[in-house]
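Please read them with the coordinates open.

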Amino acid sequence: PPSSQNNEQGSTLRDLLTTTAGKLRLGSTDAGIAFAPVYSTGTASGKSGRTMPNILDDIIASVVENKIPPNRAPKINVKSEVKDEPKDDKKCIQDDCSKRYSDIQYSWICDKHVLWLRDHKNSNNWKLFKECWKQGRPVLVSGMHKKMNFSLWKAESISLDFGNQQADILNCKDSIISNTNVKEFWDGFEDVSKRQKVKNGETALLKLKDWPSGEDFKAMMPARYEDLLKSLPLPEYCSPEGKLNLASHLPGFFVRPDLGPRLCSAYGVAATKDHDIGTTNLHIEVSDVVNILVYVGIAKGNGVLSKSGVLKKLEEEDLDDLLRKRLKDSSELPGALWHIYAGKDADKIREFLQKIAKEQGLEVLPEHDPIRDQSWYVNKKLRQRLFEEYGVKTCTVIQFLGDAIILPAGALHQV
C-alpha cells in the first residue's frame with residue numbers, strides 16, 4: 001500500500017491478518033476455515049481458466065476462522081494458544097514421557113536419539129510420535145510384518161509373478177547399472193551360486209533399484225500395494241489419506257515429491273569379501289521416509305557367513321544395549337544395518353568427505369557434492385574419524401524383519 005496507508009493496514013503480521021480478515025469475503029470449506037479466492041477464473045476467450053495463485057490471500061485464508069464476523073477484527077490470544085504445550089519438549093521427551101504415555105510400549109535407543117515404538121497396534125502411538133517428530137528424531141516401529149500377508153513378499157513369489165519384467169540392476173561395488181531380466185536378480189537372491197560374478201571372480205553385490213515405483217507399483221502389484229497400505233505404521237501420518245500427512249494435502253499448484261511406494265531389493269553384504277560397502281550410499285531424501293523391511297532372505301552357498309557369523313559381524317558395530325539384546329532374541333531376524341545422521345551435521349559431513357577424497361587423490365570439483373551424488377559409503381574407520389575430527393556421532397540402527405524406520409526429511413542415512 002502507499003506509505004500514507006501504512007498505519008491503517010498495520011505494521012505487523014498480526015495487524016495485517018486481523019485487519020484483512022474483515023475485508024475478506026468469507027466462505028466455509030469442509031475443513032471449517034475461511035477462504036479467499038485462490039484462483040481467478042475466466043480468460044479472454046471466455047473459457048474458464050486459472051492464473052497464478054494469490055499467495056497472500058491463501059495464507060490469510062488458512063489462518064482465519066470462519067466464525068469471525070466480517071465486520072469486526074478477531075482477537076488472537078497468543079497466550080492461550082501455547083499454554084497447554086509442554087514447557088520443555090526435551091525434558092518431556094527424556095524424563096516425563098513415562099508418566100504422560102504410560103499406556104504406550106516404547107524405549108529410547110541410540111543415546112535417546114531414536115524412539116522405538118514396540119507395539120504397532122497401539123492407537124495412541126501417534127501422540128508420543130508427535131512429541132518426537134517435533135524434534136526431528138527418527139522413529140522405529142516394530143512388528144509391522146504381523147499385519148501383512150507374508151506370502152506376497154517372498155522372493156520366489158515376486159520372481160514367479162514378475163520374473164519376465166526388465167529393470168535396472170545396480171552393481172553396488174562399482175556403481176555400474178545394467179538393464180536386465182528381473183528373474184536373474186531373484187534367482188540369486190537366496191542362492192549365491194546363481195549370482196553374477198565380477199571380473200576377479202567375486203560375487204556381485206546387486207540391487208534392484210526402486211522397482212517398481214509410484215504409480216507403476218500400484219498398477220503392477222495391486223495386491224501388494226493394498227497389503228502395504230493397510231500395514232503402514234502411524235496411519236495418521238504415514239497413510240496417503242492420513243489427516244496429518246501434509247504431503248497428501250498440498251494444493252494442486254505445488255510440485256509434489258515422489259511419495260512412492262518403491263520396492264527396494266538388494267543382496268546382503270554377507271556373501272561378499274568386502275564388508276565395507278553398502279547397498280545404499282550416504283544420501284538425503286527431500287521428503288520424510290517410511291522404510292518397512294518386508295522380507296529377509298537367508299542366502300546359501302560357498303563363502304556366505306552363517307547366521308552366527310552375521311550376528312558376530314553386527315555385534316562389532318557400535319550398538320545400543322537394547323539392540324544387542326534384540327540380536328540375541330531367536331524370534332527376531334536382522335536384515336539391514338543403518339547409519340543415520342542429523343540434518344544439522346550435513347555441512348560437517350560434506351567437508352569431511354571432501355577432505356577424505358583429497359587424501360585419496362580423488363579430484364574434488366567445486367560443484368561436487370558427495371552427499372547429493374551418493375558417492376560414499378562411510379565405513380567403520382571413517383565413522384570413527386568423523387567423530388574424532390568433527391564431533392559427529394553415528395546413530396547405528398539394526399532393522400529387523402517387520403521394522404519400519406521413519407526418517408525426517410534432511411536426515412542423512414546409508415544402509
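1. A charge is taken to sit over a ring if NZ of Lys or CZ of Arg is within 6 Å of the ring centre and within 35 degrees of the ring normal. Arg 118 meets this with Trp 116: its charged end is over the ring, 5.7 Å from the centre. Arg 195 lies over the face of Tyr 267, with 4.0 Å to the ring centre.

2. On provenance: this is a predicted model, in which local features need pLDDT of at least 70 and side-chain atom pairs count only at pLDDT 80 or more, while totals for chains, interfaces and linings use all residues. Residues are numbered from 1 along each chain as its sequence is written, and side-chain values use heavy atoms, with hydrogens and water left out.

3. Aromatic pairs. Rings of Phe, Tyr and Trp (its six-membered ring) pair if their centres lie within 6.5 Å; planes under 30 degrees apart count as stacked, over 60 as edge-to-face and the rest as tilted. A search of the whole structure gives 14 aromatic pairs. One of them, Phe 129 with Trp 133, is stacked, at 4.9 Å centre to centre and 25° between the planes. The two residues are separated by about one helical turn because they are four residues apart in helix α6 (residues 125-133). Helices (H or I, at least four residues) and strands (E, at least two) are DSSP runs, numbered from the N terminus. Both Phe 129 and Trp 133 are buried, where buried means under 20% relative accessible area, exposed over 50%, and partly exposed in between (1.4 Å probe, protein chains only).

4. Phe 185 and Phe 189 form a tilted pair, 6.0 Å centre to centre with 50° between the planes. Phe 185 is buried at 0% relative accessibility, and Phe 189 is buried at 11%. Both belong to one aromatic cluster, made up of Phe 150, Phe 185, Trp 186, Phe 189, Tyr 267 and Tyr 295.

5. Strands β4 and β5. Two strands pair if DSSP finds at least two bridges between them. Strand β4 (residues 166-171) runs antiparallel to strand β5 (residues 176-181), with six bridges joining them. Gln 166 stands opposite Asn 181 in β5, and Asn 171 has Ile 176 as its bridge partner in that strand. Four residues lie between the strands of this hairpin, in which Ser 175 takes a positive phi near 60°. β4 also pairs with strand β6 (residues 206-208), in the antiparallel sense and over three bridges; here Asn 171 stands opposite Leu 206.

6. The four-stranded sheet. It is open, antiparallel in its pairing, and ordered β8-β13-β10-β11. Its edge strands, each pairing on one side only, are β8 (283-284) and β11 (395-400). Three bridges join β10 (residues 334-341) to β13 (residues 412-414), which run antiparallel; Ile 340 has His 413 as its bridge partner in β13.

7. Backbone points to check. Two peptide bonds are cis: Trp 211 to Pro 212, with omega near -15°, and Gly 260 to Pro 261, with omega near 5°. Pro 212 is in the loop between β6 and α9 (215-220), and Pro 261 is in the loop between α11 (235-238) and β7 (265-266). Leu 234, not a glycine, has a positive phi of about 40° and counts as buried at 7% relative accessibility. Gln 374 has a positive phi near 50° and counts as partly exposed at 35%; its place is the loop between α14 (346-359) and α15 (380-390).

8. Leu 319 and Ile 109 are 210 residues apart in sequence and 9.1 Å apart in space, C-alpha to C-alpha. Leu 319 lies in the loop between α12 (307-315) and α13 (321-327) and is buried, with a relative accessible area of 8%.
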